[in-house]
Amino acid sequence: MGSLTGRTLPFLLILLHIYLHGALSQATSPVGQRKPFFERLHRLEEQFQRFQEVTLTHLQGIASHYNLSFDVEARFRSLAHESRAVALALNQSQVAMQGELGHLQTWVRRTQRRSQKADHRLLALSATVSEGSARCAREQETQRAAISGLARDVQALQDALLRLTPLVHSQGARLAALEGQLRVAGPSPAAPKVTLAPSRPSNRSTPQLQGGRQASRAPSEPRDPPPDFAHRLQGAQEPLGLGNQQAWPPESPGEVCNVGPALIFPNASTENVGFLHPGFLTGLQALSICSWVRTAADHLGTLLSYATEENDNKLVLHGRDSLTPGSIHFVIGDPAFRELPLQPLLDGQWHHVCVIWTSILGRYWLHVDRRLVATGSRFREGYEIPPGGSLVLGQEQDRVGGGFDSSEAFVGSMAGLAIWDRVLVPGEVSNLAMGKTLPTGAILTLANATSVGGFVQRVNCTCLQLCP
């Protein structure tokens with residue numbers, strides 16, 4: 001037991017020594033390391049505070065950026081709404097601009113067509129002026145030749161008079177001698193009766209004088225013109241020449257009935273139009289257009305317009321506000337036209353109008369209330385109006401079946417309109433104006449106006465005076 005104790009005691013002492021050394025080392029080590037630990041802990045606290053500050057700063061920045069992003073999003077939504085409104089307004093502006101551009105293009109095309117028509121008409125006028133100048137030059141040359149011939153005739157007469165002068169003197173001397181002999185012989189009842197006979201030189205000079213008189217008279221005698229078929233069609237000599245105009249008092253038509261249907265064009269709208277179907281089925285080398293017309297407008301407007309794909313003015317009877325009031329252009333195959341006087345038609349009363357044309361010598365006639373008021377020639381001589389076009393009443397076509405202009409529209413009433421492919425003679429025109437039987441051979445009448453547009457009214461009147 002004692003040996004066991006003696007053995008374990010050193011071991012315990014060693015363990016105690018080791019334990020005490022460890023305990024002392026543990027007791028003494030915190031004292032030595034306490035200062036760096038607190039410094040580290042302090043630094044950690046400072047770092048943690050700085051981290052808190054930095055974190056707080058970042059959080060505040062994030063919060064501000066969030067508010068900014070919220071404002072940006074609101075502004076973005078507002079900008080998107082404004083952009084949509086701007087896009088809508090821009091689209092509407094584009095639509096309006098396209099409409100205006102369309103109108104402008106239509107106006108430009110119409111202006112170009114009208115300028116081309118004006119150019120063609122100017123060319124036609126210049127050609128007419130040139131032809132007139134050439135005709136005047138030829139007439140002047142003819143007049144100079146005639147004057148030269150007259151001068152030669154006058155010279156021949158003077159020469160004949162110079163030759164006759166000594167003969168007259170010799171006759172006077174013989175007469176004086178005979179008178180002296182009579183006085184010397186005295187009066188006597190049985191005195192022979194003296195008869196003076198012309199001498200031979202006088203007989204020889206007489207044919208020369210007569211020849212001179214015939215030569216002087218020959219150039220001054222007018223020559224009869226050759227017979228003219230178109231002139232015979234009218235049956236009488238024309239009182240007016242090319243381009244002449246005559247003012248005439250309006251004549252009341254009296255009681256005129258059986259004129260057929262009437263069309264009333266109430267205003268100058270481009271929608272008011274009438275179409276004649278089927279139009280011209282064959283080419284026309286002669287034409288007669290007759291109708292009763294009533295208008296109170298300040299210009300006549302377009303009565304009839306015939307257009308083809310080749311030319312929109314193949315046949316036109318139209319007036320516009322830029323022309324002389326009451327005048328109308330008679331167009332056949334633009335640019336050729338003649339201006340016709342129809343001023344008395346603007347009195348609001350019914351008047352009968354006939355426009356007649358033939359390609360033979362290009363003759364044309366205008367009858368108003370049975371009177372021939374204008375005529376001429378060399379207007380589309382040898383021309384043929386082609387078939388297959390669009391025939392319109394009340395509007396002037398700038399293209400086939402359309403392109404109307406309100407300044408050229410007809411405002412008023414027309415009745416008894418009829419078209420022939422031949423020349424009406426004056427008796428037929430007079431019968432029409434008096435409401436008698438319609439001449440045979442009419443190719444189109446108002447009964448062919450199967451299509452009317454706008455506010456055009458079709459009425460059937462027993463007599464003109466009963467038409468509205």
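Predicted model: local features only at pLDDT ≥ 70, side-chain atom pairs only at ≥ 80, totals over all residues.
Six bridges join strand 3 (residues 286–294) to strand 12, and the two strands run antiparallel.

Eight of the nine residues of strand 12 (residues 412–420) are buried, so the strand is largely enclosed by the rest of the structure.

The largest nonpolar core has 42 residues, and those with the most contacts inside it are Phe330 and Ile419. When neighbours within four places in sequence are left aside, the residues in contact with Ile419 include Leu287, Ser288 and Ile289, as well as Ala442, Ile443 and Leu444. Among the other residues that Ile419 contacts are Leu276, Phe280, Leu304 and Leu391.

A search of the whole structure finds three disulfides, which are set out here.

| Disulfide | Sulfur to sulfur | Torsion about the S-S bond |
|---|---|---|
| Cys257 and Cys463 | 1.8 Å | 85° |
| Cys290 and Cys354 | 1.9 Å | 120° |
| Cys461 and Cys467 | 2.2 Å | about 135° |

The disulfide of Cys257 and Cys463 links distant parts of the chain, with Cys257 in the loop between helix 3 (229–234) and strand 1, and Cys463 in the segment after strand 15 (457–460), 206 residues apart. Both Cys257 and Cys463 are buried, and their link is right-handed.

The link of Cys290 and Cys354 is likewise right-handed. Cys290 lies in strand 3 and Cys354 in strand 8 (residues 351–358), so this pair ties together parts that are 64 residues apart in sequence. Cys290 is buried, and Cys354 is buried as well.

For Cys461 and Cys467 the torsion is about 135°, so this disulfide, too, is right-handed. Cys461 is buried, with a relative accessible area of 11%, and Cys467 is buried with a value of 8%. Cys136, by contrast, is partly exposed, with a relative accessible area of 41%.

When the bonded cysteines of the chain are numbered in sequence order, the pairing reads 1-5, 2-3, 4-6.

How values were computed:
Residues numbered from 1 in each chain as written. Heavy atoms only, no water. Core = buried A, V, L, I, M, F, W, Y, C linked by side-chain atoms within 4.5 Å. Buried < 20%, exposed > 50% of the residue type's maximum accessible area, 1.4 Å probe, protein only. Contact = heavy atoms within 4.5 Å. Helix = DSSP H or I, 4+ residues; strand = E, 2+ residues; numbered from the N terminus. Pairing = 2+ DSSP bridges. Disulfide = S-S within 2.5 Å.
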